[in-house]
Amino acid sequence: MLNVTTVNLNGIRAAAKRGLNDWLNRQHPDVLLMQEVRAPEEVTREILGSQWHVVAVPSRAKGRAGVAVAVPIENEALIGDVRTTLDDQESDVDSGRWLEVDLEFATPLTLVSAYFHSGEKDTPKQDAKMAHLPRVSARMSELLKAANSAKGRQALVAGDFNIVRSELDIKNWKPNHNKRAGVLDEEIAFVSSWAEGGWCDTVRELAGDVQGPYTWWSWRGKAFDNDAGWRIDYQFVTPDLAQKARSFSIDRAASYDARMSDHAALTVSYEFD
């Protein structure tokens, strides 16, 4: 089994104060994909410690974004090529949002830790988000084409997409639909096009047509206590890898005070021959 965990840390320094290392010692995933790290690479390495091999891409905008991939140090030799940008159009505001790491596993894999813009309706933040998504689509098309080629390198794109797919992915659909970033039809169209174009949304496929399961709850009010969440953290995988997905788990904290982040870690287990 290959257990792949993705989590938005909401700042690795803050997560460390809230028990990140204790959580890692309990979970010990085979691959850890992190978003919103918000720290230089050396800080990320120091916090995770010597038992992890870390590849990190901080944002050029200080205190923003930042993505990373970590594997247990004993699996360091499995790491192949690394690509630290989405494409050659990257700007400062887009930096620290896309990291590709090739894993030379039983099946060659490309792992992507992705952190999309949160956006804000009718503001420049939303413009940045909508400019970023077509570039993501272009790269995902390339990865899918590679997976379907003779060499067949499979791909996993995971992280905080900051977009729900449908009303199943958010507790309060009607008050938010087309009124708030993350629930706008123009954003949802992108995520839907990936699923319809050949990518598999592993959690939705494994969970079925149920409400949730949510991965994010606002720090504000009683959203966490009332489970008024959003499903915005995903693992999208190419077709052959989708056939190997066996189970998933969402590590929702036992209480508001026990939260490491406003996101819960999402783990999917893939079974290889």
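In this predicted model, Thr5 counts as buried, at 2% relative accessibility. Thr5 is found in strand 1, which spans residues 2-8. Leaving out residues up to four places away in sequence, Thr5 touches Trp23, Pro29, Val31, Leu32, Leu33, Gln235, Ala265, Leu266 and Thr267. Among these partners, Val31, Leu32 and Leu33 fall within strand 2, residues 31-35, and Gln235 falls within strand 10, residues 233-237.

Gly11 is buried, because its relative accessibility of 8% is under the 20% limit. Gly11 is in contact with Glu36, Val37 and Arg38, its neighbours within four places in sequence being set aside.

The backbone of Glu36 has a phi near 50°, a positive value in a residue other than glycine. Most residues other than glycine have a negative phi, and most peptide bonds are trans.

A positive phi is also found at Asn178, where the angle is about 60° although the residue is not a glycine. Asn178 belongs to the loop between helix 5 (173-176) and helix 6. With a relative accessible area of 33%, Asn178 is partly exposed. A cis peptide bond joins Gly212 to Pro213, with omega near -5°. Pro213 is located in the loop between helix 7 (202-207) and strand 10 (233-237).

Ser91 is placed in the loop between strand 5 (79-83) and strand 6 (98-104). The relative accessible area of Ser91 is 28%, and the residue is therefore partly exposed. Ser91 and Lys179 are 88 residues apart along the chain, and their C-alpha atoms are separated by 27 Å.

Ala245 has its place in strand 11, residues 245-251. The relative accessible area of Ala245 is 12%, which makes the residue buried. Although 243 residues separate Ala245 from Leu2 in sequence, their C-alpha atoms are 9.4 Å apart in space. Leu2 falls within strand 1 (residues 2-8). Not counting residues up to four places away in sequence, Ala245 touches Thr202, Leu206, Val268, Ser269 and Tyr270. Of these contacts, Thr202 and Leu206 lie within the range of helix 7 (202-207).

Two packed helices are described by the angle between their axes and the distance between the axes. For helix 4 (residues 124-147) and helix 6 (residues 185-197), the axes come within 10 Å and cross at roughly 5°. Helix 4 and helix 6 are therefore roughly parallel to each other, as the term applies to angles under 35 degrees. On the side of helix 4, the contact is made by Gln126, Lys129, Met130, Leu133, Pro134, Val136, Ser137, Met140 and Leu144. Helix 6 contributes Glu186, Glu187, Phe190, Trp194 and Gly197. Divided by class, the contact of helix 4 with helix 6 holds eight nonpolar, three polar and three charged residues.

The largest pocket contains about 980 Å³ of space. Its lining is formed by 38 residues, and those nearest the centre are Ser118, Gly119, Asn162, Arg180 and Trp216. The lining of the largest pocket comprises 13 nonpolar, twelve polar and 13 charged residues.

The volume of the second largest pocket is about 260 Å³. The second largest pocket is lined by 20 residues, with Asp251, Ala253, Ala258, Arg259 and Met260 closest to its centre. One of these central residues, Asp251, falls within strand 11 (residues 245-251). Helix 2 (residues 20-27) gives the most to the lining of this second pocket, supplying three residues. By class, the lining of the second largest pocket has ten nonpolar, three polar and seven charged residues.

Technical notes. Residues are numbered from 1 along each chain as its sequence is written. This is a predicted model: local features need pLDDT of at least 70, side-chain atom pairs count only at pLDDT 80 or more; totals for chains, interfaces and linings use all residues. Side-chain values use heavy atoms; hydrogens and water are left out. On a 1 Å grid over the protein atoms alone, a cavity is a set of points where a 1.4 Å probe fits but cannot get out, and a pocket is an open set with protein on both sides within 12 Å along at least five of seven lines; lining residues have an atom within 4 Å of a point. Grid points are joined across faces, edges and corners, and a volume is the space filled by probe spheres set on the points. Ala, Val, Leu, Ile, Met, Phe, Trp, Tyr, Cys and Pro count as nonpolar, Asp, Glu, Lys and Arg as charged, and the others, Gly among them, as polar. Helices (H or I, at least four residues) and strands (E, at least two) are DSSP runs, numbered from the N terminus. Axes are lines fitted to C-alpha atoms, for helices over the stretch in contact, and angles run from 0 to 180 degrees between N-to-C directions. Angles under 35 degrees count as roughly parallel, over 145 as roughly antiparallel, 65 to 115 as roughly perpendicular and the rest as oblique. Contact means heavy atoms within 4.5 Å. Buried means under 20% relative accessible area, exposed over 50%, partly exposed in between (1.4 Å probe, protein chains only).
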